[in-house]
Amino acid sequence: MLTVGALLLGSALVLVTFLLLFQRRLHQWELGFEAPCDQLEHLLRNVYSSLPSRLKNQRLLPARDPDEGIESRLHGLLDTQQRLLERLSQRPQLEAMLESLAHPAFLAHEGTLLEVNRPLEQLLGRPRSALEGLELGYVLRHAEGAETDLRVRLPLAKEGWREFRLIRLEDGQGFSLGLLEDLDEQRHSLAQLTQARDRARQEASLQAGYLQQLQQELVPLLETLENYRGEMGEEGSALESRLQGLSDLLASLVDGSLPPPEATPSPVEPRPQVLIVDDGPVNVMLARQVLEGEGLRVVTASGGEEALALQREQRFDLVLMDIYMPAPDGLESSRRWREHEARRGEPPSVLVALTANASEADRQGFREAGMDDYLAKPYRPHSLIELVRRWLPASVREQGS
């Protein structure tokens, strides 16, 4: 029995010793994990501090419990890492935004290309793998004569070099985002906007002139009604009142819509001369206003006979001939105009038909009468200007530029 008791006691002492050694080793193991856990916690806090404020809506790590075990702390850090990754995924995706841009763009760090989007890749004609990692100055060259770095030149795939405007954003840590705008496209867009503005001004001026002409046409009508005021009944008086109200309205519109007159420089060379043949005073007034705004000399005639009489006195570069007029109409007047030129051996004028009907049969009739072109009525100011510039290109552009 003593022997068995001694053996049991010895076994117990060995087991207690083993447990004490294991506990000590476990404690040393836990102490060894403290440093990596502290390092992981420090890294998580640094990443958390770099998040935008909108993603810091709750605390990253709870207050540390002194009695917390290493296993519990490690689980807490891993949960925190997962939450942090979820918040990082909610940050703006710069690469995706870069790729969605229609303009050529790039992302660089310390002067080295990191990312380029597809438009820039296609513009340069080189794959991204060959561009990313290149020095930025190797791709973007400072434009000659540019005082700042806002204008750069790029070597295009097939067209040599082209200038771009560089819009560049930097974050203070060496990263920069660049957006390139084609200067040729900007100039084209500016020219289109300028042309649209000029057309709008011309149409506004034309509309103002139209209102003014209507106002002038109402004056003799009101005077006639006033002379017969005693003979008019209630309906006549009501008509006079309504016409007077319309006249007052037109007066207010004209006063508020007529643009200030623009000074026209006196040209050194003789200006092209245009004859407008039309029996409609409003049409004549509007066409005259547009053409004189282009620097042309304008003469008007109310019918074919008057136009043919003017032809015998002076030469016209361009004739705008209304088709539907009292005899002789536009077609007959054009035939006689060409006959006169042939007899006198004069250089031919450009004859353009002004008509509301422009079917194929009508156009054939214009050609047979010796006319060069036609303009469908009603026409807009820019249509008239384009027609004149088409037939008098050099002279009109010099005078109108």
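Before anything else I note that contact, or touching, means heavy atoms within 4.5 Å. The model is predicted, so I keep in mind that local features need pLDDT of at least 70, side-chain atom pairs count only at pLDDT 80 or more, and totals for chains, interfaces and linings use all residues. Residues are numbered from 1 along each chain as its sequence is written, and side-chain values use heavy atoms, with hydrogens and water left out.

**Entry: Phe164**

I found Phe164 in strand 5, residues 161–170. (Strands are DSSP runs of E, at least two residues, and helices are runs of H or I, at least four, both numbered from the N terminus.) Is Phe164 buried or exposed? It counts as buried, because its relative accessibility is 2%; the cut-offs are under 20% for buried, over 50% for exposed and partly exposed in between, with a 1.4 Å probe and protein chains only. Leaving out residues up to four places away in sequence, I see Phe164 touching Leu123, Leu150 and Leu180, among others. I also checked Leu179: it sits 15 residues from Phe164 along the chain, and their C-alpha atoms are 9.4 Å apart.

**Entry: helix 10**

Which residues of helix 10 are buried? In this helix, residues 304–311, I list Gly304, Ala307, Leu308, Leu310 and Gln311. They are on the same side of helix 10 because they cover an arc of only 160° around the axis, taken from the directions from the helix axis to the C-beta atoms. These buried residues pack against strand 7 (273–277), strand 8 (297–301) and helix 11 (330–344).

**Entry: whole chain**

I count 14 helices and 11 strands. Of the 401 residues, 31% are buried.
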